[in-house]
Amino acid sequence: MERIQILWADDEIDLLKPHLLFLKDKGYDVITATSGDEALELVEKHSFAVVLLDENMPGISGLETLNRLKATHSDLPVIMITKSEEEHLMEDAIGSKISDYLIKPVNPNQILLSLKKTLDNKRLISEKTTSNYQQEFRQIGMTMGDRLNWKEWSEVYKKLVYWELELDISKDESMMEILKMQKSEANKLFSKFFENNYIGWLNGKTQDPPFFSHTIFKAKVAPMLDKEETTFVVLIDNLRLDQWKVIQPIVAEYFKVESEDVYSSILPSATQYARNAFFAGLMPSEIQKRFPNLWLNDEDEGGKNMHEEELLADQLKRLGKNVKMSYNKITNNAAGKRLSENISNLMQNKLNVIVYNFVDMLSHARTEMEVIRELADDEKAYRSITLSWFENSPLLDIIKQIAAKKCKMVITTDHGTIKVTEPTKVVGDKNLTTNLRYKQGKSMSYEKRDVFEIKNPGDAFLPKQNISSAYVFVKEDKFFAYPNNFNYYVTYYRNTFQHGGLSLEETIIPFITLSAK
């Protein structure tokens, strides 16, 4: 075992010989100093893993020594030891970025624990994370073998997201590979479960349905409108559960989480269908029937989400919520800044809806722009770029202002997204829709094992293009590719983030209720 060299600066070092012998026995080589000046000289001559520094020494003080050390060796960990419990000394030391703080008298085990915490913290956390996931891996595997309901599947997915984020931190590549395999197996089983229950849920024939895109507003948002506070609903397009978890610590500085729920996107798990359903409180075929002039089918020209404010106003009226509301769709940074400057004017409304489109644009840009593909090369990088955007976005300024005004806030989304890896062939006529995760059309041929097929769109409350139209949704991490020019198509779209189909990532999505701190 490689020995670790540390420096211990204390003017009473002779009294600490038992401690030095104890540390030597534990694998540490300790060089000693009796003053700050001597400590600074030794740091220039040797390469130390850590410095133990007495706060009260003759000559320059421990705090002054600490400041000089950090000026020249900012990455060198320092453990401050002092007789004083005065708060200002602790604050000064902590403000100078010490690694730990011990009060005299210290015993050898205290010193050892502090050294391990300082030097081995990342390794110990990584080992503990790996060990804990190994235990949980077996438990999750056994759970997935049971006949799970929607709520239980949601809990499985939450656990997988939790461990994915934990293993990101630990950087254990082998365990991350095991997690990916388990997540893949979970997606396979979940897709079967969803396929077997979806039509029954929508038609009231299967027990314990989840909240869906068209029912979540009535169930969760409408009751808030009976309270005194102004409510903000922030819908971040295409926000997965893992992406919510990485921005949650920043939101938590200003809001406390009242409930961290999930709900299910309808199929197709695509903006045109799921977000319109969210605001209308209706399924797509019901929107088409009620608003024939507003609904556009896949093949129609024009924007498919241009009338959400009208759909929301109609839903509020049907729910008997005669409240003042605003609807704001943000598709670029300038629009976000304008809204941030206008928050005070929204306080007269009972309900303010903000649709923020960045994450959806990121997923599309990642497909189309090589530089974004390189920046968001994998799931971890995709989360990281989402976090970086959020930290520097007008949306964070908006959220801070909402908190300052003591409003309620909901953060949610319309659907998630999945990184696609495996192509599956599809053939259809020239009117076949272009989405990679679902197809609508007639006379389609495809690999049946790879898709959830809905031959009668009416069963799933989906519009029909014509009398023989059907829908197919690709499952797990596959994507549709046409046989002609197959290799080019596969090379271009493999490992891109797509939505519209059936997977844990696309359909189990966050609905977070928050109150200002």
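Three strands form an open sheet of mixed pairing, in the order β14-β12-β17. Strands here are DSSP runs of E with at least two residues, helices are runs of H or I with at least four, and both are numbered from the N terminus. Two strands count as paired if DSSP finds at least two bridges between them. β14 (445-446) and β17 (478-481) stand at the edges, each with a single partner strand, so one side of each is left without a neighbour in the sheet. Strand β12 (residues 422-427) runs antiparallel to β14, and 2 bridges join them. V427 has S445 in β14 as its bridge partner. Helix α19 (residues 486-493) lies across β12 and β17, at about 145° to β17. That angle is taken between N-to-C directions, from 0 to 180 degrees, with axes fitted to C-alpha atoms and, for helices, over the stretch in contact.

The model is predicted: local features need pLDDT of at least 70, side-chain atom pairs count only at pLDDT 80 or more, and totals for chains, interfaces and linings use all residues. Residues are numbered from 1 along each chain as its sequence is written, and side-chain values use heavy atoms, with hydrogens and water left out.

Buried means under 20% relative accessible area, exposed means over 50%, and partly exposed lies in between (1.4 Å probe, protein chains only). Contact here means heavy atoms within 4.5 Å. G320 follows α13 and has a positive phi, near 75°.

R290 forms a salt bridge with D314, with the closest N and O atoms 2.8 Å apart. R290 is in helix α12 and D314 in helix α13, so the pair links distant parts of the chain, 24 residues apart. D314 is buried, at 14% relative accessible area, whereas R290 is partly exposed at 43%. A salt bridge is a side-chain nitrogen of Lys or Arg within 4 Å of a carboxyl oxygen of Asp or Glu. Side chains of opposite charge can pair when their charged atoms come close.

The whole structure holds 29 salt bridges. Another one joins the side chains of K245 and E260, at 3.0 Å from N to O. K245 lies in helix α10 (residues 241-251) and E260 in strand β7 (residues 255-264), so the pair ties together parts that are 15 residues apart in sequence. K245 is partly exposed, at 29% relative accessibility. E260 is partly exposed too, with a relative accessible area of 29%.

A further pair sits within one helix. K180 and E177 both lie in α8 (residues 173-202), 3 residues apart, about one turn of the helix. Their closest N and O atoms are 3.5 Å apart. K180 is partly exposed at 47%, and E177 is partly exposed at 42%. Elsewhere, salt bridges link E164, D168, K183, R240, D242, E379, R383 and E505 in a network.

Finish at S515, in strand β19 (residues 508-516). S515 is buried, at 9% relative accessibility. Its side chain makes a polar contact with the side chain of E258, at 3.1 Å. A polar contact is a pair of N or O atoms within 3.5 Å; within protein, one must be able to donate a hydrogen and the other to accept it, and residues adjacent in sequence count only if both atoms are side-chain atoms. Leaving aside residues up to four places away in sequence, S515 touches F255, K256, E258 and K408.
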